[in-house]
Amino acid sequence: MSHSDTIPLHPSSQSDIDEIENLINASPATVLPARPPSPPRAQIPVSSSLPPPPPKPAPPKPQPHSFPPPLPPPSSSVPAPPPLPSSRPEIAASGFGPAPNTLTEPVWDTVKRDLSRIVSNLKLVVFPNPYREDPGKALRDWDLWGPFFFIVFLGLTLSWSASVKKSEVFAVAFGLLAAGAVILTLNVLLLGGHIIFFQSLSLLGYCLFPLDVGALICMLKDNVILKVVVVCVTLAWSSWAAYPFMSSAVNPRRKALALYPVFLMYVSVGFLIIAID
Amino acid sequence: MDPNQPVTENYANPKTCFFHVLFKAAALAFYILSALFIDNFVIIFVVTVLLAALDFWVVKNVSGRILVGLRWWNEINDLGESVWKFECLDQESMARMNKKDSWLFWWTLYLTAVAWIVFGIFSLIRLQADYLLVIGVCVTLSIANIIGFTKCKKDAKKQFQQFASQTLASRFSSTLSSAFSVV
């Protein structure tokens, strides 16, 4: 006679099963195996990410039997990017909350964003701002378009002013400025300073803006005294613009070591401007 | 299978593909033809480098997004460190990407870099330092894009694998818990 089906379970095992059932019914999410909280995607950027993240393995709701929810909203489809209201004028470095999806924004938004970034970088770097907060923080959103345009413009102006050997002048100016920016950055890095390579390149390029203006004026007016005065003023302006960033990047005792080559480079460019005829 | 169905898909984004190729081809063509017709190095330099820079921007910001759903950029976080960010569409959308589009994207990327390197070798042989400057800039831009997108693709693959293994784990555990509740 086997009464196995009517034999009550051992009290302890019954309570074990009860425990497990309570756990499941109470908080299903916790029953799941220990998985990392969310895929540590490298792309949870402060400024842009995917919109509601793609189907997570278990939604944080008590649905133990549900499988991943359906596809995210059709914002990530292929043929024609729907115009999401996504772009902000500049990428703030502290964007918490729903960040815009830059993957599917319309092209015009990208263009506008980049253009406004150039303008804001220029204002930040070059124009006098006595209330500037942490100078090392500006140019967080570095970009190389501004420096590119300024270097090319300076080369073009110098080349135009030259009456002979125009191509050499242009090539020399461009090479000097580009290589100079790289070498100056390396200099700061080798002095033990904390600066990011592209940020520094970007900065040194933007600080050429005053010299560009000076070169333009010198090209239009050929008076030597005027040239000297203009070059001195713009040189001072450029060095003054570069000073806060460079000095905040290095050890205070090595400030001069970092700043002197920058000044030297701008002086040499100034000489080029004056000497071109 | 319907025999009348077109077997090959067409380009899904013909305009984007066109622009993707346009600036690359324009830069290369201008460089080649200018050596024949234009005597002024400055113009060659400025126009070629400008076209190459525009191409870099278009590939990075527009065609990368639309043709292959990838994007990369660099940010400086609050600690002052430089962080490279990679972004991709989710897996279903990536799987739906037009094969022709992505084939065109990657192949033109590689071919352009190879073409510039070949021109660079020619310039080196002829010892033209100033043309080497132009080519140096164009090669740098092409290679930057290649590296950026390759890293982005690898990162995307890694995430999809992670996601797949997590989905498997969660499905397994939810099956288990449903089994438990039935018991």
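**S200(A)**

I looked up S200(A) first. Helices here are DSSP runs of H or I with at least four residues, strands are E runs of at least two, and both are numbered from the N terminus. Leaving out residues up to four places away in sequence, S200(A) touches T185(A), I195(A) and M246(A), where a contact means heavy atoms within 4.5 Å.

**Ground rules**

I note that this is a predicted model, where local features need pLDDT of at least 70 and side-chain atom pairs count only at pLDDT 80 or more, while totals for chains, interfaces and linings use all residues. Residues are numbered from 1 along each chain as its sequence is written, chains are lettered from A and ligands numbered from 1 in the order in which they are written, and side-chain values use heavy atoms, with hydrogens and water left out.

**Chain A overall**

I counted 9 helices and 0 strands in chain A. Read from the N terminus, the order is α-α-α-α-α-α-α-α-α. Of the 277 residues in chain A, 41% are buried. Taking contacts in chain A between residues at least 6 apart in sequence, I get 67% that join residues at least 24 apart. The accessible surface of chain A is about 15,200 Å², and carbon and sulfur atoms own 70% of that; the areas come from the Shrake-Rupley method with a 1.4 Å probe, and for residues only the protein chains shown count as cover.

Most residues other than glycine have a negative phi. I went looking for exceptions.

K165(A) has phi near 55°, positive in a residue other than glycine. I find K165(A) in the loop between α4 (145-161) and α5 (166-190) of chain A. With a relative accessible area of 60%, K165(A) is exposed.

L127(B) also isn't a glycine, and its phi is positive at about 55°. Its place is in the loop between α4 and α5 of chain B. L127(B) counts as exposed because its relative accessibility is 72%.

**Chain B overall**

How many helices and strands does chain B have? I get 5 helices and 2 strands, running α-α-β-β-α-α-α from the N terminus. Buried residues are 48% of the 183 in chain B. For contacts in chain B with a separation of 6 or more, residues 24 or more positions apart account for 70%. Chain B exposes about 9,700 Å², with 71% of it from carbon and sulfur atoms.

The entry is unreviewed, and its "transmembrane region" annotation covers residues 28-58, 103-125 and 131-150 of chain B; positions are in the numbering used here, feature names are shortened, and annotations may be inferred rather than shown by experiment. Residues 103-125 of chain B are 100% helix and 0% strand, with end C-alpha atoms 33 Å apart. Residues 131-150 of chain B are likewise 100% helix and 0% strand, and their end C-alpha atoms lie 28 Å apart.

C88(B) is in strand β2 of chain B, residues 82-88. C88(B) counts as buried because its relative accessibility is 3%. C88(B) and G69(B) are 19 residues apart in sequence, yet 5.6 Å apart C-alpha to C-alpha.

I32(B) lies in helix α1 of chain B. At 41% relative accessibility, I call I32(B) partly exposed.

What is the volume of the largest cavity? I get about 120 Å³. A cavity is a set of points on a 1 Å grid over the protein atoms alone where a 1.4 Å probe fits but cannot get out, and lining residues have an atom within 4 Å of a point; grid points are joined across faces, edges and corners, and a volume is the space filled by probe spheres set on the points. The lining has 13 residues, with K24(B), D55(B), T112(B), W116(B) and S142(B) nearest the centre. α5(B) gives the most, 4 residues.

Definitions and conventions
Buried means under 20% relative accessible area, exposed over 50%, partly exposed in between (1.4 Å probe, protein chains only). On a 1 Å grid over the protein atoms alone, a cavity is a set of points where a 1.4 Å probe fits but cannot get out, and a pocket is an open set with protein on both sides within 12 Å along at least five of seven lines; lining residues have an atom within 4 Å of a point.
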